[in-house]
Amino acid sequence: MKNEHIDALVGESPILTKVALPPRRRGLIRRTGLEKLVEQVGQHLLTLVQGPAGYGKTTLALTWADRFAAARFQIAWYSADTGDDEPSRFLFYLAQALARALPDQHDEILRFADFIRGGNAPLSIATLVNAIVESGEETFVFIDDFQLFSREDTLAIVSELLQHAPANLHLIILTRSNPFIATDRLRLNQQLLTVDAHALAFSEEETSRLFQEVGIQLPDHELHSVFEQTGGWPAALRIACLSLTQGTPEAGANLNLGASRSFESYFEKLLQGIPKNVRNFMTKTAFVEKLSIPLANQLFESRKVKAIVDLLLQHNILTPLDAYGQWFSYHALWRDYLSRKINGVEAPQLHLLAADWYYVNGYLSLAVRHALLGGHSEKALEWVENNAMALVKRGDLFTLRDWEKLIRALSSSQPVKLKLALAWALVLSMATEQAAALAGEVKRVLDQIRHPDEARLRWEIRMLESVISAVNEDLDAALADAAECGKTLPAGDPWLVNGLYNVLRLTNLHLGNWVVFYALPNNPYTAEEERANAFTEVYRYSLLGLAELVQGHLVTAENCLNRARELAAAGMAINNGPAALAESLLAQVHYERGQIAQASALLDGRLAVIDDIGFPDCVLRTYVTSARIAWLEERANAAWSLLEHAEAIAARRNWHRITAGILLEKIRIALLQNHLDAAQGLALRIKALAVKHGKRNSGPITGLLEYSDFSDALIALKSGNCAQATALLQPLYAAARARCSHLFAIRAGTLLAIAYMLVGKPLDAVLHFSEVLESAATEQAERSILDQGSAVLQLTTLCLSQRFPVRRSGQANRFALYLKAKLEESSPAATNLDTASSGLHPLEELTPKELKVLRELASGRTNKEIARSIGLAPETIKFHLKNIFVKLSVERRTQAVRRAQLLGLLGN
């Protein structure tokens, strides 16, 4: 018996608008970031564009389709309808779409469609797959409104298509809800690209351009208000534009978009068809920013809470906030709209229920917020007072800092313990001036009143002042205050005691008192205490990692810093900052070993956190490492911008030594760009800082005078004055070795060996470089050598020659051979391109990195795989690919490989 849906297809003409590209919306603004994803779409088998209604999924897909069409790729489009959720109908329209896209296979595909219509074809997609293979061209198949498909047998066809997909097929699914197709295999094989509602949302800059396009001029604060309320929701922004251009009452000064009649109408329409119990649930729960199923049970008594949450997630009304499916959120406009539906008497009680639940479950910030919203300010202040120092101890500094104004508004006479907790939050996030001022306020209060805990509070203030001095590198003052505190340790608070030991670690690290540094004890925590007092432990292991790093002990440094990361992950608040301290230092460890991709991944998204809480050496090392990675990726402007930003941070905080370290790195880049005048000007700035603030360091941390001498040595080498460079580098190298500052010694020793080589003293060059190799080989610290410039290749070759039989360990010799091979690989002279016979103009000759990318491309690797293999960022791979396409006069990856083969650029 024929299926009724197949019967319906017999004699039916296809609705051609379902398989044609929809019309473009007028007045669109360019979404440059999303449009750039077009390259990634072409590298993945499946792209999921998933978001609620009004998030511009179709508009984005049409932009991609236009780009693919311009590149002469094959485009198939299928707009689903409610009646299409049936295998034969789905296959019929999919075939119609592909027939329009593949002109050479048009007739064969339509015959297949006729078989489907007649009920004679098995539910197989083999014919369609084979047609795509035969076309030989990149084929992009768009399916819009995929949320309309839910039948297992229909979805099975899509799964079969993905399972047997040829390399030139790319499927783009546009959906409002979970597509219910298996994607785990695709994700593991890096064949899945997901574009979610967060990515689809407008940025604040795009919001501004949208308003300018329609002729709306808003002050910055009102524009920011619109952006905050809409969260970048494209449909909501269009409604806001409409309201503002029409001058409706809701477009007044306060710009309360959620109260707009336009939004009321839009939300009412979206709510049509939603069951009443689900709407009631939304009203009772939408006022909270973070919702979980246990909290939802507290606010809405029903056995169906989980089923309701699952339904709202499926329709993207609720958005997951974590990878574990524990926390969810409504869009801000949904929250505003639904919150106004709450009964006025009921609202305070609901806020109190939420506040109590958050507090009991350890979410203090949210508890305080909802207590205040419910009118329970006394309870909010009580909670803050009781828990402020606990937030500091576990590293949740930003919450406490954010509360500072709120606390002052709630209580003009803040308790001294609360003020002191705020001071700790400020100093540990590097706001030392504000912290000192607040500590001074507490002192004045204690001078005027009797406090039962006065002795302990004064001890804590002195320790706080010791931390401020240590951060500002006033080591004498830091040691004096710490020594005074050490005479009487407070009982019952291991966090303060261990914090004191960390101050002593930091100061003794700077002074090079290694015996004292390693002898400092640590009050052990119980497992429960360790979670509550995690910040001091994260700092301790970070300082231990820093100490090992400057000594060139990369393996030990890595162990310490990984331990700090583990403690941060286990014991601190979500999105806490202190974990970034260890990760930024760990990035330098990976960079030194030449593990560029790993270093880049550790720094990704961490710079803003380091700006806020990074101690001086952490800021310096983070930004120098970031700039060097950018330079290796041939992003010179980005490297310079990173250093400019770091210099501004150091200047704002009066960190003179850090300023000098950043300036030295800028000198290195200027010299690599042959900009000698700029380098000399920067060196004068370092010298001025050294004259005013410098003194010769006895410890392993490089000081102002060392930076000044090193900058002069770099310029002398570049200027050809090798004798002067030698005179400057000899004492720097000897002093660094004596202080166990081995990473700096490797850098200075390599330059000293180069200077000896250039001045005509090859034996001295080999002797000094052999020492450097012995030091660096054990830990594979390659970048401190390789970053010293192209002369390192000549130096390594000289060192490995038989002319100077200097005794070295086998490990050092193997390391030298490794460095030589790496330098030859990256040297233009190492390539054997014959530009006259290759068909390339000499100016268009492929660089060594471009050749490397091209060879990886010929191996069939994706951009991500190439990036991982070479150790560059994916964005840099795209940059190289564009240059390759231009130089080879091609438009596509396959064309580039074919042309390279014809030109003999790929060897065998």
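**Exercise 1.** Is Tyr-358 buried or exposed, and what is its relative accessible area?

*Solution.* The structure is a predicted model. Step 1: the relative accessible area of Tyr-358 is 0%. Step 2: a residue counts as buried under 20%, so Tyr-358 is buried.

**Exercise 2.** Which kind of aromatic pair do Trp-327 and Trp-357 form, and where in the chain do they lie?

*Solution.* Step 1: the structure holds 25 aromatic pairs. Step 2: in the pair of Trp-327 and Trp-357, the distance is 6.1 Å centre to centre, with 70° between the planes. Step 3: planes over 60 degrees apart count as edge-to-face, and this pair is accordingly edge-to-face. Step 4: Trp-327 lies in the loop between strand S6 (318–320) and strand S7 (328–330), while Trp-357 belongs to helix H19 (residues 346–360), 30 residues apart. Step 5: Trp-327 is buried at a relative accessible area of 7%, and Trp-357 is buried at 12%.

**Exercise 3.** Determine how the rings of Tyr-358 and Tyr-363 are arranged.

*Solution.* Step 1: the ring centres are 6.4 Å apart and the planes stand at 80°, so this pair is edge-to-face. Step 2: Tyr-363 has 28% relative accessibility and counts as partly exposed, whereas Tyr-358 is buried.

**Exercise 4.** Why is strand S2 (residues 74–79) described as largely enclosed by the rest of the structure?

*Solution.* Step 1: six of the six residues of S2 are buried, so the strand is largely enclosed. Step 2: one side carries Gln-74, Ala-76 and Tyr-78, the other Ile-75, Trp-77 and Ser-79, and both faces are covered. Step 3: S2 runs parallel to strand S3 (residues 139–144), to which six bridges join it. Step 4: opposite Trp-77 stands Phe-142 in S3. Step 5: Tyr-78 also belongs to a cluster linked by ring pairs, together with Phe-90, Phe-92, Tyr-93, Phe-146 and Phe-149. Step 6: over the face of Tyr-93 lies Lys-18, at 4.6 Å from the ring centre.

Methods:
Residues numbered from 1 in each chain as written. Predicted model: local features only at pLDDT ≥ 70, side-chain atom pairs only at ≥ 80, totals over all residues. Heavy atoms only, no water. Buried < 20%, exposed > 50% of the residue type's maximum accessible area, 1.4 Å probe, protein only. Helix = DSSP H or I, 4+ residues; strand = E, 2+ residues; numbered from the N terminus. Pairing = 2+ DSSP bridges. Phe/Tyr/Trp six-rings, centres within 6.5 Å; stacked < 30°, edge-to-face > 60°. Lys NZ or Arg CZ within 6 Å of the ring centre and 35° of its normal.
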